[in-house]
Amino acid sequence: MTERKPMIAVLTGAGISTDSGIPDFRGPDGIWTRDPAAEKMFTYEYYMADPAVRRASWRARADNAAWHAQPNPAHLALVELERAGFPVRIITQNIDGLHQKAGSTPRKVLELHGTMFTVRCMGCGEHGTMRDALDRVEAGDPDPACLSCGGILKAGTVMFGENLDSDTLNQAGSIAKACQIFWAVGTSLQVQPAASLCAIAMTEGAKTTIVNAQPTPYDVVADEVIRDPIGEALPRMVAALIAAHPS
């Protein structure tokens, strides 16, 4: 009888994408480390109230490295794990779409904080593409409004001060409860409720590994903590797991 492979939940944060040229937020060279005021662009209250913050946000969106970024060995390793027949679910705090671009099955990637590739009107709720909105910025409109109602447009992402989508969060919790192995990769585990998924998995008995350059609040209770570069550590972890559970 073929051995049943363990279910693996992988919570990924900004650190998994730094090797793709996308800076993280809280690391030594992170966006907020270099410019603490930049956090306003990610805070709902400031974004909605201050046109200057919105204009800065649109400029940052146009210049976002994710438009041209390519998946790195860490993203590709998770694709390899899925193709090896493991039930893998990726819960990502990232908005860059690199897991899907690498080849992970889109329905198996849960985007906790949304995606940077869509926009939503905060007035009428109409959705559109980020590319269309940025075309208007590049044509000279520094703070494009909704074409239907004139309301404020915002990226299809969850900002500080906004609640995560309840259905998405419930699904993430179910995944954390059901997995036998939980990997937290490139995340500081400081932002709730995403960080609580680690605690849920631990409570349910999942073997938990944290891969992050900086310490996290969960290091002392994790089964394993790895400080090696993610682009080296994750392929190694995947190779070991595949070897331990051959088809």
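Author: Let us begin with burial: a residue is buried under 20% relative accessible area, exposed over 50%, and partly exposed in between (1.4 Å probe, protein chains only). Glu138, at 55% relative accessibility, therefore counts as exposed. The model is predicted: local features need pLDDT of at least 70 and side-chain atom pairs count only at pLDDT 80 or more, whereas totals for chains, interfaces and linings use all residues. Residues are numbered from 1 along each chain as its sequence is written, and side-chain values use heavy atoms, with hydrogens and water left out.

Reader: How many salt bridges does the structure hold, and with which residue does Glu138 form one?

Author: Side chains of opposite charge can pair when their charged atoms come close. The criterion for a salt bridge is a side-chain nitrogen of Lys or Arg within 4 Å of a carboxyl oxygen of Asp or Glu. The structure holds nine salt bridges. Glu138 pairs with Arg131, their closest N and O atoms being 3.0 Å apart; Arg131 is partly exposed, with a relative accessible area of 33%. Another of the salt bridges joins Arg136 to Asp141, where the closest N and O atoms are 3.6 Å apart. Arg136 is partly exposed at 23%, and Asp141 is partly exposed at 27%.

Reader: Are Glu162 and Lys154 buried or exposed?

Author: Both Glu162 and Lys154 are buried. They form a salt bridge in which the closest N and O atoms are 3.1 Å apart. Arg120, Lys154 and Glu162 are linked in a network of salt bridges.

Reader: Which side chain of opposite charge is nearest to Asp96?

Author: For charge, Lys and Arg count as positive and Asp and Glu as negative, while His and the chain ends are not counted. The nearest side chain of opposite charge to Asp96 is Lys101, 9.3 Å away; Asp96 is buried yet has no salt bridge. Asp96 lies in the loop between β2 (88-92) and α5 (98-102).

Reader: Which side chain joins that of Asp96 in a polar contact of 2.8 Å?

Author: A polar contact is a pair of N or O atoms within 3.5 Å; within protein, one must be able to donate a hydrogen and the other to accept it, and residues adjacent in sequence count only if both atoms are side-chain atoms. The side chain of Asp96 makes the 2.8 Å contact with that of Ser17. A polar atom of the Asp96 side chain also lies 3.0 Å from the backbone nitrogen of Leu98. Ser17 is found in the loop between β1 (8-12) and α1 (31-34), and is buried with a relative accessible area of 1%. Contact in general means heavy atoms within 4.5 Å. Not counting residues up to four places away in sequence, Ser17 touches Ile22, Asn72, His75, Asn94, Asp96 and Leu98.

Reader: Where is Arg54 placed, and which side chain does it join in a polar contact of 2.9 Å?

Author: Arg54 is in helix α3, and is buried with a relative accessible area of 9%. Its side chain is joined to that of Asp143 by the 2.9 Å polar contact. The Arg54 side chain also reaches the backbone oxygen of Tyr47 at 3.1 Å.

Reader: Which residue does UniProt list for "active site"?

Author: UniProt positions are given in the numbering used here, feature names are shortened, and annotations may be inferred rather than shown by experiment. The UniProt record, an unreviewed entry, lists His113 for "active site". His113 is found in the loop between β3 (109-111) and β4 (114-121), and counts as buried at 14% relative accessibility. The side chain of His113 reaches the backbone oxygen of Gln93 at 3.1 Å. Beyond its neighbours within four places in sequence, the contacts of His113 include Thr92, Gly156 and Leu164.

Reader: How many disulfides does the structure hold?

Author: A disulfide is a pair of cysteine sulfur atoms within 2.5 Å. The structure holds zero disulfides. Cys146 is in none, the nearest cysteine sulfur being that of Cys121, 3.7 Å away. The sulfur of Cys198 is too far for a bond, because the closest cysteine sulfur, in Cys179, is 9.6 Å away. Cys146 counts as buried at 7% relative accessibility, and Cys198 counts as buried at 0%.

Terms used:
Helix = DSSP H or I, 4+ residues; strand = E, 2+ residues; numbered from the N terminus.
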